[in-house]
Amino acid sequence: MGEVHYMISEAAKRVNVETHVLRYWEEELSLSIGRTEMGHRYYTEDDIQLFCCIRELKEQGIQLKELKGLIPDMLRTRDKLKLQKEPKEDPTVSNSVSEEQPDMASNASLEKIQLQIEEIFQHAMLENNKILEESVSQSISQAIIKEM
């Protein structure tokens with residue numbers, strides 16, 4: 001059974017944004033979105049999860065410029081989580097159980113990715129704050145020395 005693909009209108013509904021927002025984020029963040037033979041975009045569950053993370057981070061006030069640097073880490077984290085999940089799958093599990101698990105598993109994966117993104121962003125913010133603190137301190141010191 002192949003991977004499910006969603007057209008842009010369905011993906012936008014699932015992410016809870018307008019279609020032009022997905023196009024804009026794709027362009028600004030240099031995301032690689034699949035295309036049909038006709039050139040139309042199609043989105044996978046992974047793409048939709050990534051866009052949901054982006055939406056949540058944007059709602060928290062993070063700019064796309066800052067997100068662009070985090071995207072490779074987000075994708076690596078997603079791939080690691082996929083690899084961790086694969087060996088745990090049991091092919092003997094019945095279809096009725098396995099049909100219920102993807103939603104729960106994707107929610108758990110999304111939560112893990114979001115937590116890791118938050119950790120990465122917090123670390124980046126702390127580093128940025130240290131740099132700003134040093135810069136402001138140096139500027140104030142220089143201004144005081146000039147005044148004296």
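This is a predicted model: local features need pLDDT of at least 70, side-chain atom pairs count only at pLDDT 80 or more; totals for chains, interfaces and linings use all residues.
Residues are numbered from 1 along each chain as its sequence is written, and side-chain values use heavy atoms, with hydrogens and water left out.

Let me begin with the overall layout. The protein has five helices and two strands, where helices (H or I, at least four residues) and strands (E, at least two) are DSSP runs, numbered from the N terminus. Along the sequence these elements follow the pattern α-α-β-β-α-α-α. Of the 148 residues, 28% are buried; for this talk, buried means under 20% relative accessible area, exposed means over 50%, and partly exposed is in between, with a 1.4 Å probe and protein chains only. The protein exposes about 10800 Å², of which carbon and sulfur atoms supply 52%, and these areas come from the Shrake-Rupley method with a 1.4 Å probe, only the protein chains shown counting as cover for residues. As for contacts, meaning heavy atoms within 4.5 Å, if we take those between residues at least 6 apart in sequence, 62% join residues at least 24 apart.

Next, the interior. A nonpolar core is here a set of buried Ala, Val, Leu, Ile, Met, Phe, Trp, Tyr and Cys residues joined through side-chain atoms within 4.5 Å. The largest such core has 31 residues, and the members that touch the most others are Leu22, Trp25, Phe51 and Ile54. At least two residues of this core come from each of helix H1 (8-15), H2, H3, helix H4 (64-85) and helix H5 (95-147), and H3 gives the most, with seven residues. If you look at Trp25 and set aside residues up to four places away in sequence, you will find that Trp25 touches Val15, Val17, Ser30, Leu31, Phe51, Ile54, Arg55, Lys58 and Leu64.

That brings me to the charged groups. A salt bridge is a side-chain nitrogen of Lys or Arg within 4 Å of a carboxyl oxygen of Asp or Glu, and by this rule there are five salt bridges. Which residues are linked in a network of salt bridges? They are Glu26, Arg35 and Arg41. Glu26 lies in helix H2 (residues 19-28) and is buried, with a relative accessible area of 10%. The side chains of Arg41 and Glu26 meet at 2.5 Å, N to O, and this pair links distant parts of the chain, with Arg41 in strand S2 (residues 41-42) and Glu26 in helix H2, 15 residues apart. The salt bridge between Glu26 and Arg35 is at 3.7 Å, N to O, and Arg35 is partly exposed at 41% relative accessibility. Leaving aside neighbours within four places in sequence, the contacts of Glu26 also include Leu31, Ile33, Tyr43 and Phe51.

Another salt bridge joins Glu59 and Arg55, whose closest N and O atoms are 3.4 Å apart. Both residues lie in helix H3 (residues 45-59), four residues apart, about one turn of the helix.

Now the cysteines. With a disulfide taken as a pair of cysteine sulfur atoms within 2.5 Å, the structure holds zero disulfides. Cys52 is in no disulfide, and the nearest cysteine sulfur, that of Cys53, is 7.1 Å away. Cys52 is buried at 12% relative accessible area, and Cys53 is buried as well, at 2%.

Finally, two points about the backbone. Most residues other than glycine have a negative phi, and most peptide bonds are trans. Asn16, which is not a glycine, has a positive phi of about 70°; this residue sits in the loop between H1 and H2 and is exposed, with a relative accessible area of 62%. Ser30 has a positive phi near 55°, lies in the loop between H2 and strand S1 (34-35), and counts as exposed at 52% relative accessibility.
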